[in-house]
Amino acid sequence: MKQFRITVPASSANMGPGFDSIGLALNRRLTLFVKEQGNWEIKNNSEFLSPVTNYEDNFIYQIAKQTAERHRKILPECKITVDSDIPLARGLGSSASAVMAGVELANQLCNLALTNEQKLQYGTDYEGHPDNVAPALFGGIVITAISNNEIEYVQIPAPGLDVVAYIPSVELKTETARRVLPDSLSRKSAAAASATSNLMLASLLTGNYRLAGTMMECDLFHEPYRAELIPNYQSIKREAKKAEAYGTVISGAGPTMISFIAKGLGERLAKYMSSKFPDYEVATLNIDQDGLQVDQQVHSIKSL
Ligand SMILES: Nc1ncnc2c1ncn2[C@@H]1O[C@H](COP(=O)(O)OP(=O)(O)O)[C@@H](O)[C@H]1O
Ligand SMILES: N[C@@H](CCOP(=O)(O)O)C(=O)O
């Protein structure tokens, strides 16, 4: 009888102009405690997750089942306790974490021996874009591109930046926030948007964080269309800039916004922003470097 734990970080996609391509893992986690037993039982143990009435309706179970079926396997029955401190539909990659947890669940239960490339491919198939699933899987900041149906990726070194997130209490489904985007851009706009992204990434990699922040805030792919869906979009940017943030962008599809600021200044920024936006959860976060982890030594874990 198998017994193990799967844990997957949250993520923030886009970093402004890196739409559907750039994402970073954050130190909030979705954790599954899994024990094989003779019947299915899934229990959510988090204030962010609603109770599971029927295991077959559970999103993580459905992803695991589909993954097992891709390999003509049937999931063995088990008891799963789910814990999470990632709020849902806020632009912090909760669905990507759940997707990767489901892929790994099938991998472990059915002995699929999936490679990282397969996990990334499956996760992207389910999620629709690789920018959250890649950092959820690998940790750190990951740049992805889909080229000739293959997902290429590079994990870049962690920058010397603090990260502060402004999480409102309202939800915004990614699906809804994708619907406001145009289907096409003119050649001129596409060239300007990709130039902005290129320069953002080049300045991030060379430690020119001031320029990286400026370019983050010049996105042309999604922020201009989504701004009206994001509460306090302009005022959050303006106040964060006053408190020395290099750049403030929509996290994923929103409604959370996220600032990047020099190392050591995150706490001060968070305090300032909490005073300006008392209705928000203002969180100083770290870039998670571990990605998805599986722990087989969980015999003494209480949650089982
Ligand atoms: N742990 C989970 N268990 C079940 N469903 C989840 C879980 N995490 C996310 N989801 C599903 O994903 C949806 C949120 O996904 P999405 O709109 O893409 O926002 P985000 O990924 O930014 O949080 C939730 O409303 C829920 O349906
Ligand atoms: N590139 C996607 C990212 C969605 O991230 P999420 O955390 O909001 O699911 C987009 O911008 O639509």
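**Ligand shells, domains and selected elements of the predicted model**

The shell around ligand 1 consists of 10 nonpolar, seven polar and two charged residues (nonpolar: Ala, Val, Leu, Ile, Met, Phe, Trp, Tyr, Cys and Pro; charged: Asp, Glu, Lys and Arg; polar: the others, Gly among them). The model is predicted: local features need pLDDT of at least 70 and side-chain atom pairs count only at pLDDT 80 or more, while totals for chains, interfaces and linings use all residues. Residues are numbered from 1 along each chain as its sequence is written, and chains are lettered from A and ligands numbered from 1 in the order in which they are written.

Around ligand 1 there are 19 residues, of which Phe 59, Ser 94, Ser 95, Ala 98 and Thr 174 come nearest (a residue is near a molecule or strand if its C-beta atom, placed from the backbone, lies within 6 Å of it). At least two residues of this shell come from each of α1 (59–70), β4 (78–84) and α2 (helices, H or I of at least four residues, and strands, E of at least two, are DSSP runs numbered from the N terminus). The most is given by α2, with four residues.

Ligand 2 is surrounded by 16 residues, and the closest are Ala 13, Gly 91, Thr 174, Gly 252 and Ala 253. Four nonpolar, nine polar and three charged residues make up the shell around ligand 2. Helices α4 (130–138) and α5 (174–179) each supply at least two of the residues in this shell.

The protein chain is divided into domain 1 (3–156 + 288–295) and domain 2 (161–285), with bounds from an automatic or database domain assignment. The contact between them takes 21 residues from domain 1 and 31 residues from domain 2 (two residues are in contact if their C-beta atoms, placed from the backbone, lie within 7 Å). On the side of domain 1 that touches domain 2, β1 (3–13) and β2 (22–36) each supply at least two residues. By class, that side has 11 nonpolar, nine polar and one charged residues. Taken over C-alpha atoms, the centres of the two domains are separated by 24 Å. Each domain gives at least three residues to the shell around ligand 1, and each gives at least three to the shell around ligand 2.

Helix α4 is largely enclosed by the rest of the structure, because nine of its nine residues are buried (20 or more other C-beta atoms within 10 Å of a residue's own, all placed from the backbone). Among them are Pro 130, Asp 131, Asn 132 and Phe 138. The buried residues of α4 pack against β1, β2, α2 (94–109), α3 (116–127), β5 (141–147) and β6 (150–156). Just after α4, Gly 139 takes a positive phi of about 80°.

Ile 22 lies in strand β2 and is buried, with 25 other C-beta atoms within 10 Å. With residues up to four places away in sequence not counted, Ile 22 touches Asn 14, Met 15, Asp 131 and Ile 143. The C-alpha atoms of Ile 22 and Asn 149 are separated by 18 Å, and these residues are 127 apart along the chain.

Strands β8 (residues 247–250) and β9 (residues 257–262) pair in the antiparallel sense over four bridges, where pairing requires that DSSP find at least two bridges. Gly 247 stands opposite Phe 260 in β9. Six residues lie between the strands of this hairpin, in which Gly 252 takes a positive phi near 55°.

Note on methods. A residue is buried if 20 or more other C-beta atoms lie within 10 Å of its own, exposed if 12 or fewer, and partly exposed in between; C-beta atoms are placed from the backbone.
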